[in-house]
Amino acid sequence: MTSAAGRRDFRRIATEEAFTTPEMVDGCRQIVKSGWNSLDLTFWRGLLFRENDPRLADLLDVDEQRLARMDADGVDMQILSLTAPGVQFFEPGTAADIARASNDRLAATIARHPTRYAGLAAFAPQDPANAVKEMERAIGELKLNGFIVNSHTNGEYLDAEKFWPILECAEALDAPIYIHPRALPEGPDANYRDLGLWTAMWGFQVETGLHGARLLFSGVFDRFPKLKIVLGHMGEGLPYWVYRLDYMYPKMLRMMPRPLEMKPSDYLKRNFAITTSGMNHVPALKYCLEVLGAENILWAIDYPYQDCDEAVAFLNEAPISDEDRATIYARNAERLFKIAPADPLERTVAR
Ligand code: MN
């Protein structure tokens with residue numbers, strides 16, 4: 001169990017925390033009826049129809065049990081984002097409508113609980129020009145803190161030139177894009193189905209790690225050098241592979257459209273931040289601290305899919321310096337997502 005002293009010592013901002021909205025639930029019910037064999041719908045069928053599964057109620061709730069659990073475990077703030085696969089498996093018009101409604105709800109939730117929530121805006125990459133308008137509204141009018149993209153959109157990744165206006169807009173707004181997992185696109189998914197490997201156990205990381213690698217090696221960070229991408233789950237495998245990315249890259253140059261201006265590992269440190277979502281594992285944390293530095297690591301729970309108390313106990317007890325702990329728990333989130341530092345006198349979370 002967490003010590004009471006440990007609870008008081010650090011502000012805790014959890015950065016990959018899922019919610020959903022009635023509009024998204026309605027949209028999912030509609031496409032579930034279509035009989036489409038998408039793995040993302042397999043996930044949503046579980047949410048909608050599995051008996052005694054509390055997750056849908058937990059995802060819809062932002063005023064009751066979510067806050068009670070945050071209080072119980074000493075979590076000051078959650079950065080909310082629309083749960084996977086977000087709006088990206090809807091047709092473009094529906095996707096844009098659901099994104100807009102979700103962002104409005106998110107802003108209203110934050111207005112009700114300004115010290116407890118921040119939020120990442122959804123947008124529909126299916127229509128990049130319209131996406132940019134919603135991105136500008138979400139930061140400029142709704143004052144949200146960044147963006148959520150659930151990996152591929154109809155099998156395409158954000159490095160594709162049609163999506164560059166989205167990357168350019170995020171860079172200009174100085175707002176990070178959190179690339180969250182979803183199931184692999186149809187086609188490469190056959191060998192992931194029979195053993196359940198398409199899930200968060202393995203396939204989500206394959207899919208999202210590929211997205212990160214595509215962004216890195218496509219050269220979009222030479223075009224948009226201040227663009228910041230956040231990857232969950234200790235970096236979706238990329239940090240573990242960093243020696244090999246640097247070692248193999250010069251040998252593979254002939255296969256690439258253009259050479260990069262820096263080493264792959266330089267982009268990993270400059271343009272990416274990772275979070276600890278769903279990876280409450282001390283050896284992985286120590287490794288990432290060594291190769292990326294504390295300034296590139298943020299804390300996350302992955303509520304309601306993983307346990308809040310375990311995520312808190314993990315970072316409270318990890319054998320790292322308290323300076324690094326404070327940086328990972330909140331300071332990086334304050335800086336990247338422009339969250340005001342807490343006034344010590346206003347830290348009224350029940351502890
Ligand atoms: Mn998640």
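**Stop 1: the cavities**

Select Asp40, Phe43, Ala84, Pro85, Arg182, Ala183 and Phe204, which line the second largest cavity. The model is predicted: local features need pLDDT of at least 70, side-chain atom pairs count only at pLDDT 80 or more, and totals for chains, interfaces and linings use all residues. Residues are numbered from 1 along each chain as its sequence is written, and side-chain values use heavy atoms, with hydrogens and water left out.

On a 1 Å grid over the protein atoms alone, a cavity is a set of points where a 1.4 Å probe fits but cannot get out; lining residues have an atom within 4 Å of a point. The second largest cavity has a volume of about 30 Å³, where a volume is the space filled by probe spheres set on the points, and grid points are joined across faces, edges and corners. Its lining has 5 nonpolar, no polar and 2 charged residues. In these classes Ala, Val, Leu, Ile, Met, Phe, Trp, Tyr, Cys and Pro are nonpolar, Asp, Glu, Lys and Arg are charged, and the others, Gly among them, are polar.

How many cavities of 30 Å³ or more are there? The count is 2. For the largest cavity, select Glu16, Glu17, Ala18, Ser81, Leu82, Thr83, Ala84, His180, Asp302 and Tyr305. Its volume is about 50 Å³, and its lining divides into 4 nonpolar, 3 polar and 3 charged residues. Strands β1 (13-19) and β2 (77-82) each supply at least two residues of this lining, and β1 gives the most, with 3. Strands (E, at least two residues) and helices (H or I, at least four) are DSSP runs, numbered from the N terminus.

**Stop 2: the largest pocket**

A pocket is an open set of points with protein on both sides within 12 Å along at least five of seven lines. The largest pocket holds about 720 Å³ of space. Select Thr199, Ala200, Met201, Phe204 and Gln205, the closest to its centre of the 31 residues that line it. The elements that give two or more residues to this lining are α3 (39-49) and α10 (203-218); α10 gives the most, with 6. By class, the lining has 16 nonpolar, 10 polar and 5 charged residues.

**Stop 3**

Glu236 is in the loop between β6 (229-231) and α12 (242-248). Is Glu236 buried or exposed? It counts as buried, at 2% relative accessibility; buried means under 20% relative accessible area, with a 1.4 Å probe and protein chains only. Leaving aside neighbours within four places in sequence, Glu236 is in contact (heavy atoms within 4.5 Å) with Pro181, Phe204, Gln205, Thr208, Gly209 and Leu231.

Ser265 is buried, at 7% relative accessibility, and touches Val242 and Asp246, not counting residues up to four places away in sequence.

**Stop 4: α15 against α16**

Select α15 (residues 308-317) and α16 (residues 322-336), whose axes come within 9 Å and cross at roughly 150 degrees. Axes are lines fitted to C-alpha atoms, for helices over the stretch in contact, and angles run from 0 to 180 degrees between N-to-C directions. The pair is therefore roughly antiparallel, a label for angles over 145 degrees. Val312, Leu315, Asn316 and Glu317 in α15 meet Arg325, Ile328 and Tyr329 in α16. In α15, 7 of 10 residues are buried, among them Cys308, Ala311 and Phe314.

Conventions:
Parallel < 35°, antiparallel > 145°, perpendicular 65-115°, else oblique. Buried < 20%, exposed > 50% of the residue type's maximum accessible area, 1.4 Å probe, protein only.
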